[in-house]
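Thanks for asking me to look this one over. Here are my notes as numbered points, to read with the structure open beside you.

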Amino acid sequence: MQSFQPTRRAVLAGMGASALTARAGFAETVPIPLTAQRAMAQIAPEGYPQTEVWSYDGTLPGPELRLAQDTRLQRRFVNQLDVPSTVHWHGIRIDNAMDGVAGLTQDAVPPGASFDYDFLVPDAGTYWYHAHTNSMEQVARGLSGALVVEERHAPDVDRDEVLMLDDWLLDPETAQIAPDFNHPMDLSHGGRFGNLIGTNGHYALTLTAKRNERLRLRLINAANARIFVLRLAGLSGWQVALDGMPLPAPEPVPQELVLAPAQRVDLIVDVIAEDAAIEQLGNDQEWHRQVGLEISGQASRTRRAAPASLPANPNMDAPVLAQARALEMKIEGGAMGRMPMSRMRGMMQDGKFWTLGGQAGPAAAPFARLSQGEPVRLRMINDTAFPHAMHLHGMHFREVLAEGQLGPMRDTFLTDAGASHEIAFTAENPGKWLLHCHMLAHAAAGMTSWIEVA
Ligand code: C2O
Ligand code: CU
């Protein structure tokens, strides 16, 4: 008798449910579904209508997925939308086949079909998941959620809260998501910005805490284009991780905390006043309450000493710069840039406004072919009039600072208009990895490239 091999990549379109059940009882359990579906959510203030969103499991944001370090995430993605979709697990050092990039690592999952995601999470930290098929529209419509990988020994805190910062572009009358996703103005300028800013799917989120409590706050910027500039009020503490990866030592939270699209920061903060909040610098240059804290009562313990650093994730040696292959990639195009209009006009016919490494959109061949284990330094030159949030899939990198010092590990870095940065990493993870701007209108309009590690 033929033995049953669990299929890790079974696309189940057309496969009968009974066949699945029979197999499940025999050799493996059916993974828990993660279902993309339409849902209603009260994003706008009470009194406004609910907004129709595209959700995971009917909630906005999608369910918070939490698991222990070094375990497997197993989810059956079920697509109940009427468009194809995939799920990308942002920041995870993942098996390439599970990376969720439609057209590069898998075929998009058609409406009515499903796909089994099954991968190891080697690193503790704060990550997130989101659609990676037409992501400019699908993420803006709500397809994202938090993915938290817990340390073996969690730091000593009283509460651990995920805060997904986002903005939505809503029709001010109906509170429905504005459907013009290919607006040339968004594509060629700063991207698609929302007119309602919020956290965890609500425009004004309030948490409860006690005076003197210690909180771990996991901030995730899930917005399509907005760079959040934040400050703390009534809270004092440290940042302990960036983009999931622990800092070598906790650092005081900066006066102004800048979080580009897709970036995360983990804070450990103490409640030091009766009125506490995270505030956000608005376009009007005023500070607005992003997340309020309702303080009731006093924690029994008094204030504690600074936290220890989080344990480092495994096998994260810094790349050896002296042996690194040097690459250079230019970001060009966009409004008010230096790209000649003759070039731009041709690109615009395909809806493209930007180039990354000289290409508008992912080319058939990778930007670079790297050997597994090879150290790389990549200079990125932002020759445009806009900031960009550059994200590499599958591997974290560090910025090369003055005198060959290396910055903290990140998976997304912010480059300002006209700036040049060099990042370095070891090409340790085999596969095809996307490199793109996480301002999703930019990614759609040309700022998407990829590398191959073999
Ligand atoms: Cu957060 Cu290519 O993705
Ligand atoms: Cu960009």
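1. Let me start with residues 40-152, whose end C-alpha atoms lie 37 Å apart. This span is 5% helix and 40% strand. Please keep in mind throughout that you are looking at a predicted model.

2. For residues 349-452, the end C-alpha atoms are 29 Å apart, and the span is 5% helix and 52% strand.

3. Along the principal axes, its C-alpha atoms fill a box of roughly 60 × 60 × 55 Å.

4. On to the domains. The domain assignment gives domain 1 as 17-150, domain 2 as 159-298 and domain 3 as 321-453. Between the C-alpha centres of domain 1 and domain 3 the distance is 26 Å. How many residues of each are in contact? Eleven residues of domain 1 meet 14 residues of domain 3. On the domain 1 side, the touching residues are five nonpolar, four polar and two charged.

5. Now for an open sheet of four strands, running in the order β2-β1-β4-β6 with mixed pairing. Why is one side of β2 and of β6 left without a neighbour in the sheet? Both β2 and β6 (114-120) stand at the edges with a single partner strand each, so one side of each has no neighbour there. From one strand to the next, the twist averages 25 degrees.

6. Within that sheet, you can follow one pairing residue by residue. Strand β4 (residues 72-79) pairs with β6 in the antiparallel sense, over seven bridges. Arg-72 is a handy place to begin, as it stands opposite Leu-120 in β6.

7. Another open sheet of four strands has the order β3-β8-β7-β5, and its pairing is mixed too. Which strands are at its edges? They are β3 (65-68) and β5 (87-90), each of which pairs on one side only. Ignoring direction, neighbouring strands here are turned by 20 degrees against each other on average.

8. The pairing of β7 with β8 is another one to trace on screen. Strand β7 (residues 125-131) and strand β8 (residues 144-150) run antiparallel to each other over six bridges. If you click on Thr-126, look across to Val-148, its bridge partner in β8.

9. The peptide bond from Leu-60 to Pro-61 is cis, with omega near -10 degrees. Asp-57 lies in the loop between β2 and β3 as well. Although Asp-57 is not a glycine, it has a positive phi of about 60 degrees.

How values were computed
Residues are numbered from 1 along each chain as its sequence is written. Chains are lettered from A and ligands numbered from 1 in the order in which they are written. This is a predicted model: local features need pLDDT of at least 70, side-chain atom pairs count only at pLDDT 80 or more; totals for chains, interfaces and linings use all residues. Domain bounds come from an automatic or database domain assignment. Two residues are in contact if their C-beta atoms, placed from the backbone, lie within 7 Å. Ala, Val, Leu, Ile, Met, Phe, Trp, Tyr, Cys and Pro count as nonpolar, Asp, Glu, Lys and Arg as charged, and the others, Gly among them, as polar. Two strands pair if DSSP finds at least two bridges between them. Helices (H or I, at least four residues) and strands (E, at least two) are DSSP runs, numbered from the N terminus. Axes are lines fitted to C-alpha atoms, for helices over the stretch in contact, and angles run from 0 to 180 degrees between N-to-C directions.
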